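Trainee: I have a new structure open and would like to walk through it. Can we start with the terms and then go to the details?

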Amino acid sequence: MLTVHDLDALMLQGVDNFAWATCGAASYINTADNQGVGALLITPEAHYLVTNNIEAPRFRREESLEAQGWEFIVSPWYETDNTITKLTNGLRLGADITFPNATDVSAALTNLRINLLPEEQSRFKEVSLGCASAMEQAIQRVEPGMTEFEIAAVLNKETQQRGILPIVNLIATDERIYNYRHPLPTGKKLEKYAMLVLCGRMYGLVCSLTRLVHFGVLSDELRRKTEAVAVIDANFIAATQPGKKISEIFQIIQSIYTEVGFADEWQLHHQGGPAAYNPREDIATPTSDKTVAAGQAYAWNPSITGTKSEDTILVLDDGFEIMSEIPGWPKLSTNVGGLEITRPAILEK
């Protein structure tokens, strides 16, 4: 990548790129920050971790970055740190953040990050299994009368106690599921119907999944919508094959939305895309130019007003693996070109 961009050195300070380059180390303190408390610098001679005396002990002892081979350059927290400027004097520098005299290579880094190495794939499966387990345990504890805040707290607890950080924890109940695609939890109490959405991060990798629970018999309309969105999601998964352009997949899905009777619903919410060190490394659109490859992960999330389907899958040379599948969850089966693909149904209690 540096050769292509005619650069000599690379600085990484984004939380996502830091985790990617260090096999999953966490550089954030404030979980809402995109930039971490340490910067990685790769030059022709060495690779450095530049940080302050507050953060260095944890990077050494708990993240084991010195053992990985990173050379620590530590400054007092109260002094201005010009280390990177000094180390890159005379070098053509690329960076993932705005930095003086550096070329922004964040888009090129995204293209590298989404292609997961075998070790990353194994870690992603671990993260996904943990998120699936947390979701299952949380949703089994949901009962009418709970507020959305209380439901979010249960999902947060189940996720955090597995060592996974819930960076997205969306809860909607009843009419709010129909009104909002991104429902931040509120004090509203659950009557019959709840949607739980989780994006959980561990090792820097982010797994996304959604599940819904309904108390009492589903209406015919909601059942029809749920079956339709399952068909759409199954077609998404079936189409996500090595060598296929995302724009081609999107065109297929637009036609499936029409076939199942909800032609315009795709316009009301994004449909997902490749996942790795962000919930979505890129949002798929009808004009996306990226191409699917084995070793990439995708989190598709088709929705029809009032229902949704979402899991995180790993693309294989000869198929796919649904990494966030919940064993024993009720399913809806769709035949796509002779392949039976199951998607989660609404849990009815």
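Mentor: A contact means heavy atoms within 4.5 Å. In the protein chain, residues 24 or more positions apart account for 62% of the contacts with a separation of 6 or more.

Trainee: What kind of model is this, and how are residues numbered?

Mentor: This is a predicted model, where local features need pLDDT of at least 70, side-chain atom pairs count only at pLDDT 80 or more, and totals for chains, interfaces and linings use all residues. Residues are numbered from 1 along each chain as its sequence is written, and side-chain values use heavy atoms, with hydrogens and water left out.

Trainee: How many helices and strands does the protein chain have?

Mentor: There are ten helices and 18 strands. Helices (H or I, at least four residues) and strands (E, at least two) are DSSP runs, numbered from the N terminus.

Trainee: What share of the residues is buried?

Mentor: Buried residues make up 54% of the 349 residues in the protein chain. Buried means under 20% relative accessible area, exposed over 50%, and partly exposed in between, with a 1.4 Å probe and protein chains only.

Trainee: Switching to charges, how many salt bridges are there?

Mentor: A search of the whole structure finds 22. A salt bridge is a side-chain nitrogen of Lys or Arg within 4 Å of a carboxyl oxygen of Asp or Glu.

Trainee: Which residue meets Arg113 in one?

Mentor: Asp16 does, at 3.7 Å from N to O. The pair links distant parts of the chain, with Arg113 in helix α5 (residues 106-113) and Asp16 in helix α1 (residues 15-21), 97 residues apart.

Trainee: Are those two buried or exposed?

Mentor: Both Arg113 and Asp16 are buried.

Trainee: And where do Glu119 and Arg123 sit?

Mentor: They are four residues apart in helix α6 (residues 118-140), which means about one helical turn separates them. Glu119 is exposed, with a relative accessible area of 55%, whereas Arg123 is buried at 14%.

Trainee: What about Arg343, which residue does it pair with?

Mentor: Arg343 forms a salt bridge with Asp311, the closest N and O atoms being 2.8 Å apart. Arg343 lies in strand β17 (residues 339-344) and Asp311 in strand β14 (residues 311-316), so the pair ties together parts 32 residues apart in sequence. Both Arg343 and Asp311 are buried.

Trainee: Which residues are linked with them in a network?

Mentor: Arg211 and Asp233 are linked with Asp311 and Arg343 in a network of salt bridges.
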